[in-house]
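Welcome! Take a moment to look over the sequence and the 3D structure, and keep both at hand as you read.

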Amino acid sequence: MSQLSNLQINGDRLWDALMEMAKIGPGVAGGNNRQTLTDEDGEGRKLFQSWADAAGLTMGVDTMGNMFFRREGTDPDALPVYVGSHLDTQPTGGKYDGVLGVLGALEIVRTLNDLGVKTKHPIVVTNWTNEEGTRFAPAMLASGVFAGVHEEAWAKDRVDAKGKRFGDELARIGWEGDEPVGSRKMKAFFELHIEQGPILEDEDLDIGVVTHGQGLYWLEVRLTGKESHTGSTPMPKRRNAGLGMARVTELVHETAMDFQPSAVGAIGHVEVYPNSRNIIPGRCVFTIDIRSPSKETLEEMKARIEDGIATIAEAMDIEAEMEVVGHFDPVTFDKACVTAVRDAAERLGLSHTDLVSGAGHDACWINRVAPTAMVMCPCVDGLSHNEAEEISKDWATNGANVLMHAVVETAEVVA
């Protein structure tokens with residue numbers, strides 16, 4: 001890489017691509033609603049394909065809809081270096097979460113093309129299907145199938161809130177490929193992402209070198225009591241599922257606080273039945289999200305919450321059911337790939353720090369089948385999964401430059 005120490009991506013072109021993609025599936029408050037396998041997702045995929053075609057890349061699509069665009073290396077038998085993220089968004093998502101990683105990867109290829117730089121190993125730009133998991137749970141669904149974590153048939157049977165199957169929707173938007181999922185082999189995988197946290201901005205740092213990822217559990221809880229009139233039911237005779245949910249909310253918060261500084265937990269999606277102003281809730285369905293970089297801590301938190309819910313339900317004479325709807329263990333990223341990211345930041349003169357990712361990413365699953373690392377750039381106020389999510393052009397450019405140097409070093413420049 002010494003001869004390419006000043007290699008830089010075209011930051012204006014990357015930014016323009018981000019803004020152009022953001023026009024597809026606009027949100028109501030300046031962000032995006034481009035949920036997986038919607039018409040908007042299909043439109044975003046077509047735009048991405050058109051850009052990749054123009055860059056001379058060859059497309060492959062597997063049976064989970066994962067998109068792969070290959071730039072050939074000088075050695076056709078050398079294992080490719082993969083780089084990318086996801087184009088799908090939350091219902092009220094920002095313009096950069098995931099998208100920066102896909103379009104930053106595309107910008108690497110565009111830059112190498114502009115400069116006539118060749119690599120021994122092919123480079124493959126990747127868009128993973130349904131990273132967010134907001135429409136079809138769990139998150140990182142297609143990369144999970146690729147890595148052998150989930151069965152493909154099970155994944156395609158996931159349904160959204162309207163009862164629509166993942167497999168049917170994938171076929172409907174025209175992005176179900178014929179390539180067997182998980183059949184590709186990688187030399188390495190790199191993913192660029194906004195931090196989704198405040199550390200880099202607060203400490204005025206350019207780059208996060210992601211060394212680990214938190215593990216998580218998503219628990220779905222169903223509490224069943226008895227619907228009754230708010231005004232005429234005596235307080236001691238109530239079987240209030242809503243009150244039970246409130247007490248579980250406190251339990252989750254207290255559990256996370258007991259495992260500081262690294263553990264987190266909260267109640268997320270909530271459904272209350274019958275959701276009427278003068279009826280005591282007879283049923284509540286809600287999700288719990290707990291995370292920690294320590295597997296031992298994560299398991300202890302889960303056990304404490306499960307025991308606590310059982311105790312609450314017994315005391316209140318309500319029924320409780322719990323189901324694990326999402327889980328992965330804490331992740332340790334590949335040392336050599338992490339070093340490549342750190343060295344790239346130093347080579348470019350960018351300030352950096354090691355980070356533990358607080359969110360799940362496709363890289364967490366791909367790390368099971370290939371050496372993997374992540375690059376992070378700051379985001380304003382650490383805000384993400386929100387239409388107000390924001391980054392600067394300089395932050396995006398710095399992140400993509402570090403990504404490029406790590407990828408090109410791993411793909412081996414041919415003099």
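The report below visits a few places in this structure, one at a time.

## About the model

This is a predicted model, where local features need pLDDT of at least 70 and side-chain atom pairs count only at pLDDT 80 or more, while totals for chains, interfaces and linings use all residues. Residues are numbered from 1 along each chain as its sequence is written, and side-chain values use heavy atoms, with hydrogens and water left out.

Helices (H or I, at least four residues) and strands (E, at least two) are DSSP runs, numbered from the N terminus.

## The annotated binding site

Let's begin with a database record. An unreviewed UniProt entry marks Asp 97, Glu 132 and His 385 as "binding site". These three span 289 residues in sequence, yet no two of their C-alpha atoms are more than 9.6 Å apart, so they gather at one spot. UniProt positions follow the numbering used here, feature names are shortened, and annotations may be inferred rather than shown by experiment.

Asp 97 sits in the loop between strand S3 (81-85) and helix H3 (99-115), and His 385 is in the loop between S16 and H12. Is each one buried, partly exposed or exposed? Asp 97 is buried at 4% relative accessibility, whereas His 385 is partly exposed at 39%.

## A buried valine

Val 124 belongs to strand S5 (residues 123-127) and is buried, with 0% relative accessibility. Leaving out residues up to four places away in sequence, Val 124 has contacts (heavy atoms within 4.5 Å) that include Phe 68, Pro 80, Tyr 82 and Arg 184.

## Backbone details

Pro 261 lies in the loop between helix H8 (241-258) and strand S10 (264-273), and Pro 274 in the loop between S10 and strand S11 (279-280).

Asp 204 is not a glycine, yet has a positive phi of about 55°. Asp 204 is exposed, with a relative accessible area of 66%.

Note on methods
Buried means under 20% relative accessible area, exposed over 50%, partly exposed in between (1.4 Å probe, protein chains only).
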